[in-house]
Amino acid sequence: MRRRRFLRTVGAATAGLSAVGTASADSHASGRESYRPGGPWPGDEHAQPMDGFHTNEQLTQVLRRLDAQSERLSLREIGRSAGLNDPIWEATVGNGATSVHLITQIHGDEAVGTEVAVKLLRELAQSNSRQVETILDELTLTVVPRVNPDGAMFEYDVDDDGTDEWVGRRTNTQAWSSDDSRYEPYYHYRSPADAPPGYDMNRDFNVLPPEEFDAGDTTEDQWYVSDDGEGYLDLEYEGYTLASSGLRLAPEVRAVTRSYLDADPDYAITHHHQGQYLVPDSGDGNKPPKQTELSVMPAYGPAYRDRSPFDDPSAPVEQVVDPFIDEATSTESIQMNALVANALAERGDSVFDSVTRYGYYPLWGSYLDTVCPTTGAAGMLYETSYQTDVRGQQALGRMMQSTVVGFTTTLAAIAENTLGDVNVEDYFDLPLHGEYLTNPHQSGR
Ligand SMILES: [Zn+2]
């Protein structure tokens, strides 16, 4: 219990979530009093429009079309989703020596990264701009757009009218069975009770290679079990205790792991959404505070432990930073994040000049912390504000724009070898994301 105290304090075990309408799924939010702007505050009694997003079928169509039309892009099916048995696609472009791996929508209600990935792949497959040529010459980019087809297409009768609406949700669709592992992992959700259960797949990754870890083959002393029966696997690895390690039970996670190891990347990017937050100290008597459009998060190691917003000198290092990331890689990771914030701020005092920092600590079942260090990749995680089950496609163009700038600027800087010019302090100068905005229409969930 003692070693878990720190993680519990900062909220590492993501709060339980309902299938629909939980805004703060990725957040470290506390229940502070909130300033409440006028909106958008859709209620939880009706579904939000989703038709701005590709369905799984449409995504397959557009990727197959790009593959057929362009010599530059190659497409392969790397797996199938657990519930719908829909394909998980991997698209690769470029022939460069530097490998970049990008995944989107591992949480099904976080759809914007996928939309931007499609746009990016189209441009890289078809454009002859100088920037695209440089990227294709220098990089090999492997993209898994939509890791979670089940969550992306999740339907549920939100308004209780007897018909399911397309709302999306965080988890995949997969039941846990006692044959799968000694205990039911904490990241398997059964809510709401009348919907099929599923995994939060960004807690399902495991640091060991596939041939060295079998979820059905753990011992009793590796587990902590909470009073309500949730199992937490504590994996001993290279002298560290990786608390709440993933079991790699989702076929989607196994597919992404294979894709990742095949790509053997130098850089890794994962796109998410978060709840909604204010930018600290952004308002004054004359104008209201800004909302954060995007938060960024690097993974870093012990060299930057003293910069961690959650450092606790008594906590083991693996609960504060990622001990498997060396100083040079940590620095690059931080530079990748600062680069994106700087690029958005360069546009002047706009809605995009609102990037905040998402406070970092490792999650031992996440893509960023668990898999990326195995190839020495510098990594970054985006958090576009608003889950799509809260806002649907509202403000889609705006949500996409910050990510377009982020992906494009990052790939260009890696290809042009200019990442090293970014000042690390620009990252630490970013404010940690501010006050959480509670949706008054969802207070009961
Ligand atoms: Zn997420």
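Visitor: Does Ser308 count as buried or exposed?

Guide: The model is a predicted one. Burial is judged by relative accessible area, with under 20% as the cut-off for buried. Ser308 has 9% relative accessibility and therefore counts as buried. Its place is in the loop between E13 and H7.

Visitor: Which residues is Ser308 in contact with, once its neighbours within four places in sequence are left aside?

Guide: Such a list shows what the fold brings together. For Ser308, the contacts are Tyr300, Val320 and Tyr360. Tyr360 is 52 residues away along the chain, yet the C-alpha atoms of Ser308 and Tyr360 are separated by 6.8 Å.

Visitor: Which backbone nitrogens does the side chain of Ser308 reach?

Guide: Polar contacts are read from the separation of N and O atoms, within 3.5 Å. A polar atom of the Ser308 side chain lies 3.0 Å from the backbone nitrogen of Phe310, and the Ser308 side chain also reaches the backbone nitrogen of Asp311, at 3.3 Å.

Visitor: Where is Asp312, and is Asp312 buried or exposed?

Guide: Asp312 is in the loop between strand E13 (294–298) and helix H7 (327–345). Because its relative accessible area is 16%, Asp312 is buried. Its side chain has a polar contact of 2.7 Å with the side chain of Ser314.

Visitor: Why is H3 described as largely enclosed by the rest of the structure?

Guide: The description follows from burial: 11 of the 15 residues of H3 are buried, so the helix is largely enclosed. Among the buried residues of H3 are Val112, Glu115, Val118, Leu121 and Ala125. An α-helix has 3.6 residues a turn, so residues three or four places apart point the same way.

Visitor: How many aromatic pairs does the ring rule count?

Guide: The count comes to 19 aromatic pairs. In one of them, the rings of Phe154 and Tyr156 have centres 6.2 Å apart and planes at 15°, so this pair is stacked. Phe154 and Tyr156 are both buried. Another pair, Tyr187 and Tyr199, is tilted, with 5.7 Å centre to centre and 50° between the planes. Tyr187 lies in the loop between strand E6 (165–166) and strand E7 (188–189), and Tyr199 in strand E8 (residues 198–199), so the pair ties together parts 12 residues apart in sequence.

Visitor: Which charged residues lie over the rings of Phe154 and Phe428?

Guide: Here the position of the charge relative to the ring face is read. Arg169 lies over the face of Phe154, 4.4 Å from the ring centre. The charged end of Arg307 sits over the ring of Phe428, at 4.0 Å from its centre.

Visitor: Where is Trp89, and what does its side chain join in a polar contact?

Guide: Trp89 is in strand E2 (residues 87–93), and a polar contact of 2.9 Å joins its side chain to that of Thr60. With 6% relative accessibility, Trp89 counts as buried. Leaving aside neighbours within four places in sequence, its contacts include Leu63, Arg76 and Val143. The C-alpha atoms of Trp89 and Val147 are separated by 8.0 Å, although these residues are 58 residues apart along the chain.

Technical notes. Residues are numbered from 1 along each chain as its sequence is written. This is a predicted model: local features need pLDDT of at least 70, side-chain atom pairs count only at pLDDT 80 or more; totals for chains, interfaces and linings use all residues. Side-chain values use heavy atoms; hydrogens and water are left out. Helices (H or I, at least four residues) and strands (E, at least two) are DSSP runs, numbered from the N terminus. Buried means under 20% relative accessible area, exposed over 50%, partly exposed in between (1.4 Å probe, protein chains only). A polar contact is a pair of N or O atoms within 3.5 Å; within protein, one must be able to donate a hydrogen and the other to accept it, and residues adjacent in sequence count only if both atoms are side-chain atoms. Contact means heavy atoms within 4.5 Å. Rings of Phe, Tyr and Trp (its six-membered ring) pair if their centres lie within 6.5 Å; planes under 30 degrees apart count as stacked, over 60 as edge-to-face and the rest as tilted. A charge sits over a ring if NZ of Lys or CZ of Arg is within 6 Å of the ring centre and within 35 degrees of the ring normal.
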